[in-house]
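User: I'm new to this one and would like a close look at a single part of it. Could you walk me through the sheet and what sits around it?

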Amino acid sequence: MFKKVADIKTSDQLDLPVPDAKFETVVVQPSEYQKEMVQDLSERAAKVHAGVVDSSEDNMLCITSDGRKIGLDQRLMNPLLPDDPNSKLNACVENVFRIWQDGTPDKVTQLLFCDMSTPKNDGTFNVYDDIRKKLEARGVPHEEIAFIHDADTEAKKKELFAKVRNGQVRVLLGSTQKMGAGTNVQDRLIAVHHLDVGWRPADLTQRNGRIIRQGNRNKEVQIYNYVTEGTFDAYLWQTLENKQKFISQVMTSKSPVRSCDDVDEQTLSYAEVKALCAGDSRIKEKMDLDIDVAKLKVLKADFRSKQYRLEDQLLKYFPREMEQQQSNIEGFQKDVETVAAHQHPKDGFAGMTVAGKTYMEKADAGEAILAVCKKANAVEGYPLGSYRGFQMELSFDSFSREFNIALKGNMTHRVPIGSDVRGNLIRLDNALNNIPAKLEQAQVKMETLKQQQEAAREEVGKPFPQEDELAEKSARLAELDAALNMENGSPAERETAETGQESEDREERNSGTGERRSVLADLKQKAGQVPPPRRESDRSREEAL
């Protein structure tokens, strides 16, 4: 029906003089930091699915966004992370510079598409400024690199596009929204680089349409897709592929052949069709019972699961958790004593040991911590030093994308750190001063566990409250199934066939000629020639119901 009203013209029909495009996928390996962060995405997703976190704190949209950032560059999660020389950002820079160098005589141009980490002009890390800085360091003139975001008016955009067409600007970076449809800069374009990918196939088509276009002087062009292995990149490309498969079935110059296999669960059995034609009220009752019994079975299964969980909690969870809380209470009490024994001198600093060196000034200690962050491999944990009677260990938390300092006494107290030299020292002191509050929380949790344990003992062993209703409705459903002969079709078929034959005879008698037949009788006679469904199909359908 869509083909009848839509005028679809595809590239194979138009045969336009456009360059031949060579596609190349550049696959890079993830860093250890990226692997850790991707692993934590699944844990976050499990928590969101389980409903243990509020949607304002974390949700699937945030997880997806973080997954795209991780695949693009790990510094988008934390700018203190190192610049991985094997990242796809650096692979792109190498390709752009090589093409720029080789194409200098002809002043060929290139487009870089990146929808995330656009320039903000506030000094924070972003992909655009990082690429420009690296290209300039290799010798590309500053004026030959431009961002589409700088052309914030139509006049500036027109001027920028003219510079790209004549080769004054040879590397243009932008997003799909700002540099997609309407961007006519194809004259000297030799390469397009996709650093990330969106959700819609149309976006990728618009990107590639900037170079595979009439008016391009180059006979062959290159399109690079950059993928970080083991990250969300593969998922995003697979999503695009699945969407494009469906779109291509409709938006095609050929005659589409479509089939729908998802109606199998909706099909009715032969006996049900006959009963419906005959207006049998039992079918309506059966359908209602199917729904009710299915709901009750789900409720019973959930009730049983809760009973099993309560039994498991009484046997394992509560004893284990109460033992752990008692250990925590004792550990916090000892740490409170350690903090009291290592107080700061009045208007002074207690001192800190970082990487084997003792610092008596806060600023020096804070600078030393940041220096270690940028040099040490903190994926597995790095021994940092000691502070106020606690050992310090530096690590990178891929879940929160932050560097942490673990203050280790009888208990471990993790403190996220940032780029503020003095602020990090304040955070460490606040964490130590907060230990009494943690002690109080552990004591409250112990009392809560005792109350929950008593409540579980009262609930375990109770019967399913709707057991009688389920048994009654299940028995009635079995009666109806037998009456309608869902599997074999013999009693109900005979009864219906006899009813049809009587109607047929009555029609013949009424006509006096023996030639007229009722429509219902005709349908039933034809239906009687259809072989009954296979037993396996019926069982699958019943299980689905």
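Which residue in strand 5 does leucine 112 stand opposite?

Analyst: Leucine 112 has histidine 193 opposite it in strand 5. Before we go on, a word on the ground rules: this is a predicted model, where local features need pLDDT of at least 70 and side-chain atom pairs count only at pLDDT 80 or more, while totals for chains, interfaces and linings use all residues. Residues are numbered from 1 along each chain as its sequence is written, and side-chain values use heavy atoms, with hydrogens and water left out.

Back to that pair. Strand 2 (residues 109–113) and strand 5 (residues 189–194) run in the parallel sense, linked by five bridges. Strands here are DSSP runs of E with at least two residues, helices are runs of H or I with at least four, and both are numbered from the N terminus. Two strands count as paired if DSSP finds at least two bridges between them. In general, strands of a sheet pair through backbone hydrogen bonds, either parallel or antiparallel.

In the loop between strand 2 and helix 6 you'll find serine 117. Serine 117 is not a glycine, yet has a positive phi of about 60°. Serine 117 is also buried, with a relative accessible area of 17%; buried means under 20%, exposed over 50% and partly exposed in between, using a 1.4 Å probe and protein chains only.

There's a nonpolar core to look at too, meaning a set of buried Ala, Val, Leu, Ile, Met, Phe, Trp, Tyr and Cys residues joined through side-chain atoms within 4.5 Å. The largest core has 49 residues, and Met352, Val354, Met392, Phe403 and Leu428 touch the most other members. Apart from it lies another core of 30 residues, including Val28, Val127, Leu135 and Ile145.

For contrast, take a look at some hairpins elsewhere in the chain. Strand 9 (residues 382–387) and strand 10 (residues 390–397) run antiparallel, joined by five bridges. One of the pairings there puts serine 386 with glutamine 391 in strand 10. Two residues sit between these strands in the hairpin, and arginine 388 in the turn has a positive phi of about 50°. Arginine 388 is buried as well, with a relative accessible area of 6%.

Strand 10 also runs antiparallel to strand 11 (residues 402–408), with seven bridges joining them. Leucine 394 stands opposite isoleucine 405 in strand 11. This second hairpin has four residues between its strands, and arginine 401 in the turn has a positive phi of about 60°.
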